[in-house]
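Subject: Structure for you to look at

Hi,

Here is the structure I promised. Please open it and keep it in view while you read my notes.

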Amino acid sequence: MPTPLNELPVRRLTPADLQACANLSEDRGWPREEHKWGLLLVAGTGYGIDDPDAKGLVAACVVTSYGPELSALGMVLVAERHARRGVGRRLMRHVLAEAAGTPLTLHATPNGRPLYEELGFTHAGRAEMVRGRFRLSGPAPRHVTRPATAEDLPAILRLDAEVFGVDRTHMLARLPAFADQLRVAETDGVLTGYAAAWPNMETHVVGPLIARDTDTAKSLIASLAAGTERPLRTDIDVRHEELLTWVKANGLEPIAFNAVMLRGVPALPGDWTRRFAPLTVAAG
């Protein structure tokens, strides 16, 4: 008798599984996102369940650790042919056991949220996904930005750790190679913000986006937009109402909302007022 799907073994994924992960994304109607999968499988820990009929993966997800204070969970996917059969729950319970009490955060789609709530995640906020061709329709933002250099990396890491409240060096050290653009803003020689734009299918995704204030965030977005012919996509914390209004007035359109969810911690660390967009959003 074949093993029930919700009892199949979970294994660690490696970069060799990139195509299988991209196939799984495509199976669920998501973009293949091979570039993002490549980063997450190297910088994070992937978990997957193999299809017993040798048809790729039944399910997959990635956990990115930021030390004992926080891990981010994303790319939670179950093949369409095996949906609603307990596979996602099986995978998530394994991941929670592996996390061993480390606080977790994730961005949940409306479809995924009931499972996460059942597993002890709580709602902590919302992010709005926007997408479109950026066309500046009003006065140009006043802050000057420039391309980041290798010498900027220590200051970027310090600012990021201060704003996010965790050390993301192992991810951000890969950012110059991962992103097509990496720009910084500074005042009197002090770094006040940074942002990246990285390729994802036909778009450039803006993230991370860290800035001292909304005007600095606007300047970084406008400068990234000037460096690409592709549409922009980003996910902005809904509390940043002024920035969301501004990007929508300049060509980006609302696509979806995702719930920011937490487990094992009452709130995200760091300073949300300077945290405008994450590095990657891998909703499930």
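A residue is called partly exposed when its relative accessible area falls between two cut-offs: buried means under 20%, exposed means over 50%. Take Met 201: its relative accessible area is 43%, so Met 201 is partly exposed. Keep those cut-offs at hand. One caution before we go on: this is a predicted model.

The whole chain

The protein chain has nine helices and 13 strands. Its C-alpha atoms fill a box of roughly 70 × 35 × 30 Å along the principal axes. For 284 residues, a compact globule would have a radius of gyration near 19 Å, and the chain agrees with 19 Å. Of the 284 residues, 53% count as buried. Now look at contacts with a separation of 6 or more: residues 24 or more positions apart account for 73% of them. The accessible surface comes to about 12,700 Å². Carbon and sulfur atoms hold 52% of that surface.

Helix 3

Find residues 87-99. This is helix 3, with 13 residues. From first C-alpha to last, helix 3 reaches 18 Å, close to the 18 Å expected at 1.5 Å a residue. Which residues of helix 3 are buried? They are Val 87, Gly 88, Leu 91, Met 92, Val 95, Leu 96 and Ala 99. These residues cover an arc of only 165 degrees around the axis, so they sit on the same side of helix 3. What covers them? The cover includes strand 2 (45-50), strand 3 (57-65), strand 4 (71-78) and strand 5 (104-108). It also includes helix 4 (113-118) and strand 12 (253-263). Ala 100 follows helix 3, and its phi is positive, near 50 degrees.

Salt bridges

The structure holds 25 salt bridges. Here are some of them.

- Glu 33 and Lys 36 meet through their side chains, at 3.3 Å from N to O. Both Glu 33 and Lys 36 are buried.
- Arg 81 and Asp 51 meet at 2.8 Å, N to O. This pair links distant parts of the chain, 30 residues apart. Arg 81 is in the loop between strand 4 and helix 3, and Asp 51 is in the loop between strand 2 and strand 3. Asp 51 has 5% relative accessibility, so Asp 51 counts as buried. Arg 81 has a relative accessible area of 37%, so Arg 81 is partly exposed.
- Arg 84 and Glu 80 meet at 3.6 Å, N to O. Arg 84 has a relative accessible area of 73%, so Arg 84 is exposed. Glu 80 has 37% relative accessibility and counts as partly exposed.
- Salt bridges that share partners also join Arg 11, Asp 17 and Asp 50 into one network.

Backbone details

Where is the cis peptide bond with omega of about 0 degrees? Look between Gly 207 and Pro 208. Pro 208 lies in strand 10 (residues 203-211).

Next, check phi at two residues other than glycine. Asp 188 has a positive phi, near 50 degrees. Asp 188 is found in the loop between strand 8 (181-187) and strand 9 (190-200). Is Asp 188 buried or exposed? Its relative accessibility is 78%, so Asp 188 counts as exposed.

Met 201 lies in the loop between strand 9 and strand 10.

Best wishes

Definitions and conventions:
Residues are numbered from 1 along each chain as its sequence is written. This is a predicted model: local features need pLDDT of at least 70, side-chain atom pairs count only at pLDDT 80 or more; totals for chains, interfaces and linings use all residues. Side-chain values use heavy atoms; hydrogens and water are left out. Helices (H or I, at least four residues) and strands (E, at least two) are DSSP runs, numbered from the N terminus. The expected span of a helix is 1.5 Å times one less than its number of residues. Buried means under 20% relative accessible area, exposed over 50%, partly exposed in between (1.4 Å probe, protein chains only). The arc is that of the directions from the helix axis to the C-beta atoms. Contact means heavy atoms within 4.5 Å. The radius of gyration is taken over C-alpha atoms; the globule rule is 2.2 Å times the number of residues to the power 0.38. Accessible areas come from the Shrake-Rupley method with a 1.4 Å probe; for residues, only the protein chains shown count as cover. A salt bridge is a side-chain nitrogen of Lys or Arg within 4 Å of a carboxyl oxygen of Asp or Glu.
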